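Subject: Structure handover

Hello,

Here is the structure I said I would pass on. Please open it first, then read my notes below alongside it.

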Amino acid sequence: MENTAIKNKYTAIPITELEQSAFCQTEKPKTETLDVEFGSGVRWQSLPIQYMKLPPKEIETQIHKKRAILGQEVLILGHHYQRDEIIQFADITGDSFKLAQHAATNTEAKTVIFCGVHFMAETAAALAQPDQKVILPNMTAGCSMSDMAKPEDVLECWNNLNEILDMSSITPLTYMNSAASIKSLCGENNGYVCTSSNAAKVMEKAFEQTDKILFLPDQHLGRNTAKTLGIPLEKMIVWNPYKDLGGNSLEKIKESKVILWKGHCSVHTRFNTDQISEARAKYPDINILVHPECTMEVVDSADYVGSTEYIRTTVGNASKGSVWGIGTEISMVNRLSKANPDKTVFCLDPIVCPCSTMYRIHPAYLLWVIDNLLEGKVVNTIDLDPSIAKNSKIALDRMLAIK
Ligand code: SF4
């Protein structure tokens, strides 16, 4: 089936992917003034000049003082991958699942400041009460994985599948790390959202209603999860949006059980089996614990696999003196190491590469948001199209209802 409309649509990979290594270095990253960090080569939202040269310590002092004035009218959520200088101000920290649950149940705060990335703030906005506002402090804090599933490409894929299959035989299932419009497509088509905490349960549920799943946008989470459910690799195909029919034959599409979108996390695909072998050679009793966004080879070589919340509690509950090689984002691993001084905890990747989109929530943005709230202004709000909000909430609620 020839589809010329697909060809030559993009000549470059999404820019956030290219920017992903912007903060890689050999030492623990240190928060600088915003004007210094602006030199890192990533896109930043501009801020009024008075915030640009404020020393990090001064910003910290001001946030402490001013945040207290706002009290419980404001709720600050912090994802585990945020830098320490932000996490210290979070009322609740967690992975995207835990934060989504809080966003869905908190009715007190008039304003939710989401220190995370764009898709997370969109999710909070979809689940928020009608009178609640959700703020993302820096609008350029996106996610390279989410950017790999462009809504128009996903819609085209869905329409292609519609022409080939009986659509009552396939369920769209999107990882939380996707745009609200993709969650909305899932909501409209009897589909689901999942997180890395509940992907297996949600996939199981989806297989109860159809024998085929379109999994978006992380091929690795999709593959690793389907494998745990016993789906053979030959029944999984990858949909490459740059190719006709995703690069698959009609027969392959019809025979498949899981169609994996060709997306990945630039942070978690940095981990490899050589790093694991080196860690095992150095520490024979080591426990290797990785996130399911890592490749299948890495996940298969690990001792434990789970979401950031799982990683945090597993290491927290581990015995004194145990050794942990972790495959997830460095800001979180550094914090985990600090919180568990009686254990050896380190990142499997020797290069320090924080998620560059998470890292864009510099404390100056948080101060700017708080200053505006104190003046009665709500800046950087996430406003979803009402039908997208409604349909993505349907898919999110279907996920939250799964026990
Ligand atoms: S760690 Fe990966 S999936 Fe998570 S926000 Fe960063 S780029 Fe996106």
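This is a predicted model: local features need pLDDT of at least 70, side-chain atom pairs count only at pLDDT 80 or more; totals for chains, interfaces and linings use all residues.

Strand β5 (residues 170-175) runs parallel to strand β7 (residues 212-216), and five bridges join the two.

The β5/β7 pair belongs to an open sheet of five strands. The order is β6-β5-β7-β9-β8, with parallel pairing. The edges are β6 (192-194) and β8 (236-239), each of which pairs on one side only. On average, neighbouring strands are turned by 25 degrees against each other, direction ignored. Helix α9 packs on this sheet and touches β5, β6 and β7. The direction of α9 makes about 150 degrees with that of β5.

The peptide bond between Leu-216 and Pro-217 is cis, with omega about -25 degrees. Pro-217 sits in the loop between β7 and α11 (219-228). Asn-190 has a positive phi, near 65 degrees, although it is not a glycine. Asn-190 lies in the loop between α9 and β6.

Leu-75 stands opposite Val-112 in β3.

Helix α18 and its partners

How do α9 and α18 lie relative to each other? Helix α9 (residues 180-188) packs against helix α18 (residues 386-400) at about 65 degrees, with the axes 7 Å apart. The two are therefore roughly perpendicular. The crossing of α9 past α18 is left-handed. On the α9 side, the contact uses Ala-180, Ser-181, Lys-183, Ser-184, Cys-186, Gly-187 and Glu-188. On the α18 side, it uses Ile-388, Asn-391, Ser-392, Ile-394, Ala-395 and Leu-396. By class, the contact of α9 with α18 has six nonpolar, five polar and two charged residues.

Helix α6 (residues 118-127) also packs with α18. Their angle is about 95 degrees, and their axes are 9 Å apart. α6 and α18 are therefore roughly perpendicular to each other. From α6 come Thr-123, Ala-125, Ala-126 and Leu-127. From α18 come Ala-389, Ser-392, Lys-393 and Leu-396. The residues of the α6 contact with α18 divide into five nonpolar, two polar and one charged. Note Ser-392 and Leu-396 of α18: they take part in the contact with α9 and in the contact with α6.

Helices α3 and α17

Helix α3 (residues 56-70) and helix α17 (residues 363-374) cross at roughly 35 degrees. Their axes come within 9 Å. α3 passes α17 in a left-handed crossing. α3 brings Pro-56, Ile-59, Glu-60, Gln-62, Ile-63, Lys-66, Arg-67, Ile-69 and Leu-70 to the contact. α17 brings Pro-363, Ala-364, Leu-366, Leu-367, Ile-370, Asp-371, Leu-373 and Leu-374. The class count for the contact of α3 with α17 is 12 nonpolar, one polar and four charged.

Domains

Which segments make up each domain? The domain assignment gives domain 1 as 31-142 + 357-385, domain 2 as 146-265 and domain 3 as 268-347. The centres of domain 1 and domain 3, taken over C-alpha atoms, are 28 Å apart. Nine residues of domain 1 and eight residues of domain 3 make the contact between them. On the domain 1 side, two of the residues are nonpolar, three polar and four charged.

Best wishes

How values were computed. Residues are numbered from 1 along each chain as its sequence is written. Axes are lines fitted to C-alpha atoms, for helices over the stretch in contact, and angles run from 0 to 180 degrees between N-to-C directions. Helices (H or I, at least four residues) and strands (E, at least two) are DSSP runs, numbered from the N terminus. Angles under 35 degrees count as roughly parallel, over 145 as roughly antiparallel, 65 to 115 as roughly perpendicular and the rest as oblique. A crossing is left-handed if the near helix is turned anticlockwise from the far one by less than a right angle, and right-handed if clockwise. Two residues are in contact if their C-beta atoms, placed from the backbone, lie within 7 Å. Ala, Val, Leu, Ile, Met, Phe, Trp, Tyr, Cys and Pro count as nonpolar, Asp, Glu, Lys and Arg as charged, and the others, Gly among them, as polar. Domain bounds come from an automatic or database domain assignment. Two strands pair if DSSP finds at least two bridges between them.
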